[in-house]
Amino acid sequence: MNQQNRTMTTASRLPQPFDAQSFSVAEALQSGVTRQRLRAADLRAPTRGVRIHAATAEDLIARCEAYVRVLPDVVVSHSTAARLWSICLPFRFQEENVIHLTRQPPRRGPRRRGVVGHVLRMEDDDIHHGHFVNATTAVRTWFDLASQLSLDELVMAGDHLVRRQDPDATVAELEAMVVKMGGMPQAARARSALGLVRPNTDSPKETQLRLALIRAGLPEPEINVPLRDELGHYVQTPDMTLREHRLLLQYDGGHHLKEEQRRWDISRDEDAMALGWRVMKFTAHDFRHGPNRRPKAVDRVESALLDRGWSRAA
């Protein structure tokens, strides 16, 4: 048993650089690694002719890098690139097992197990040249997502890119991409989404609420505009504001359950209410549909607007 353990330990070591990254079978064989070693349990074969360490087999960058080993001319794109950029995507993409890879014409799209291949014309400034893999830029990725996402989902992705903190893009950059790619089939959807993208958002749920209000014919709220008192003193920065009707809309995510945050929220909202504002808080529960098939949040906001003198005829 001891001899067997020593043999297994010795066999588990790979020469550099194969011990720390994905590698092609051809390169490993040329370096003296045996075929038996390449079939060991600590290695995985994501695609023909490549091995990846089991410990990193679920890491997205490592998986992309493994494919690039045998497909060096490809660019990671679409929802896979979006995940690398941490762009907001619907849940169905979070556990996506395939890798989207794109080639330039006239070459054919890559066809391998676990790959969705594309052929798209890309300029150099559409490509982010990374240390491990090349991927479409955040802005180009957003445009390409128009072929995978619904209109509202694409707006959420766009809002995420132009978010308030550490944005990856500007609305002007998204607009320039739509103009440049105006002849592509998904350009119409991207153009429609662009008209609804707003900078300075903080979360997808805020975007979802704003879009639901617009769809219902309610006034569009302002996003993250600082609220000040009559003397110009800062009070808070609400998620959304319906200024004319003195309504503040706040989406409470999980971090609002923390005691320190709750105390701050109460103090902040009391200051706003003392100035005549009504503070409305929303959670994930408010996005469930009510009897009229609209999110409950929409019914709550419409009721508050009506209480404050708003009418659809106005």
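Helix H12 (residues 296-307) lies across S12, S13 and S14, running at about 170 degrees to S14. Contact here means heavy atoms within 4.5 Å, and axes are lines fitted to C-alpha atoms, for helices over the stretch in contact, with angles from 0 to 180 degrees between N-to-C directions. Helices (H or I, at least four residues) and strands (E, at least two) are DSSP runs, numbered from the N terminus. The model is a predicted one, in which local features need pLDDT of at least 70 and side-chain atom pairs count only at pLDDT 80 or more, while totals for chains, interfaces and linings use all residues. Residues are numbered from 1 along each chain as its sequence is written, and side-chain values use heavy atoms, with hydrogens and water left out.

The order is S9-S12-S13-S14 in an open sheet of four strands with mixed pairing, where two strands pair if DSSP finds at least two bridges between them. At the edges are strand S9 (222-223) and strand S14 (278-282), each of which pairs on one side only. Strand S12 (residues 240-242) pairs with strand S13 (residues 247-251) in the antiparallel sense, over three bridges. Leu-242 stands opposite Leu-247 in S13.

Met-280 is found in strand S14. This residue is buried, with a relative accessible area of 3% (buried means under 20%, exposed over 50% and partly exposed in between, with a 1.4 Å probe and protein chains only). Leaving aside neighbours within four places in sequence, Met-280 is in contact with Leu-247, Leu-248, Leu-249, Gln-250, Arg-300, Val-301 and Ala-304.

Elsewhere, two helices meet. The axes of helix H7 (residues 151-161) and helix H10 (residues 204-215) come within 9 Å and cross at roughly 135 degrees. H7 and H10 are therefore oblique to each other (angles under 35 degrees count as roughly parallel, over 145 as roughly antiparallel, 65 to 115 as roughly perpendicular and the rest as oblique). Leu-151, Asp-152, Val-155, Met-156 and Asp-159 in H7 meet Pro-204, Thr-207, Gln-208, Arg-210, Leu-211 and Arg-215 in H10.

Thr-136, finally, has its place in strand S8 (residues 134-136). Thr-136 is buried, with a relative accessible area of 0%. Beyond neighbours within four places in sequence, the contacts of Thr-136 include Val-75, His-78, Trp-85, Met-122, His-128 and Asp-144.
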